[in-house]
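Please find below a short note on the structure under review.

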Amino acid sequence: MTPQTLLQHYDSAALWPAAPSADPAYTLAAAYQDALALRSLRLARGEQARGFKLGFTNRSIWPIYDVYAPIWGTVYDSTLHLCEGESHLSISKMCQPRIEPEIVFGMRHTPAPVATLEELFDAIEWLAPGFELVQTHLPNWKFKAADAVADGGLHGRLVVGQRLAVRSFAANAVELMQRLSASRVRLVCDGQQQLQGQGSLVLDSPLQALHHFVAELHACPGAPTLRPGDVVTTGTWTDALPVQAGQTWRAEFDAPIPSLQLQVD
């Protein structure tokens, strides 16, 4: 599974013939280098990086997927969809897609690798509700952490809803952490509630998840820098559920976080 092969399978939504992790020598560090090579191929053909996705920040789902630490991947202009609360999205070119309700941050400036939480708060411009449509190219959602990283961090699409200025939501890092930690979400499909979640599941708070990611990004050889204007989606508040064309999904967050609705085509 070379980076070129990974890209071909991404474009065709075809399952991989085998997991890279079937080779015991295939480490997480090697997977990130493959993911960065895949990123380079996508940029070379004209796609633009728009930020990052964090995965497996929700500790409650670690036993479900046998992945016990967060991972990250790239969000592109071709996968990012901004809206004001309602959106349509085709899943025709996705492989075994699932949906996740998340909180997304928009960056005001680049934080230091060892930024304090308060310095990190200062680097954030806005927050918003999001749906990440995740996917895997291995059958039945069975993979190891290294496979997930090589598979673009499982990123497929990111829908970002109405943005809130972070300073209208919280005055400082402690308040932001506490408010997001206490906030809840109801994941609804076609009018029926499917799951509930809470911000505290995401490494205790989405701000903590961002803090963890900034350090991990800096520690990864060859990784890009988090830039002003980048979006970072911080990880699901519930388990990821399969999606099908024709469904309407809603993420109903506690106020004042807006709700987000997605019609799947």
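The numbered points below refer to a predicted model.

1. Aromatic pairs. The model contains 11 aromatic pairs. One of them joins Tyr32 and Trp72, whose rings are stacked, with 5.0 Å from centre to centre and 25 degrees between the planes. Tyr32 belongs to helix 2 (residues 28-44) and Trp72 to strand 2 (residues 71-76), so this contact ties together parts that are 40 residues apart in sequence. Tyr32 and Trp72 are both buried.

2. An edge-to-face pair. Trp237 and Phe253 have ring centres 5.1 Å apart and planes at 80 degrees; because the planes are over 60 degrees apart, the pair counts as edge-to-face. Trp237 lies in the loop between strand 11 (231-233) and strand 12 (241-242), while Phe253 is in strand 13 (residues 248-253), and the two residues are 16 residues apart. Trp237 and Phe253 are both buried.

3. A ring cluster. Tyr32 and Trp72 also belong to a cluster, linked by ring pairs, that includes Phe52 and Phe213.

4. Charges over rings. The charged end of Arg42 is placed over the ring of Tyr10, 4.2 Å from the ring centre. Arg179 lies over the face of Phe169, at 4.5 Å from the centre of that ring.

5. The largest pocket. What is the class make-up of the lining of the largest pocket? The lining has 8 nonpolar and 4 polar residues, and no charged residues. Among the lining residues are Thr110, Pro111 and Pro113, together with His218, Cys220 and Leu226. The space in this pocket comes to about 160 Å³.

How values were computed: Residues numbered from 1 in each chain as written. Predicted model: local features only at pLDDT ≥ 70, side-chain atom pairs only at ≥ 80, totals over all residues. Heavy atoms only, no water. 1 Å grid on protein atoms, 1.4 Å probe; cavity = no way out; pocket = protein on both sides within 12 Å on 5 of 7 lines; lining within 4 Å. Points joined across faces, edges and corners; volume = space filled by probe spheres on them. Nonpolar A, V, L, I, M, F, W, Y, C, P; charged D, E, K, R; others polar. Phe/Tyr/Trp six-rings, centres within 6.5 Å; stacked < 30°, edge-to-face > 60°. Helix = DSSP H or I, 4+ residues; strand = E, 2+ residues; numbered from the N terminus. Buried < 20%, exposed > 50% of the residue type's maximum accessible area, 1.4 Å probe, protein only. Lys NZ or Arg CZ within 6 Å of the ring centre and 35° of its normal.
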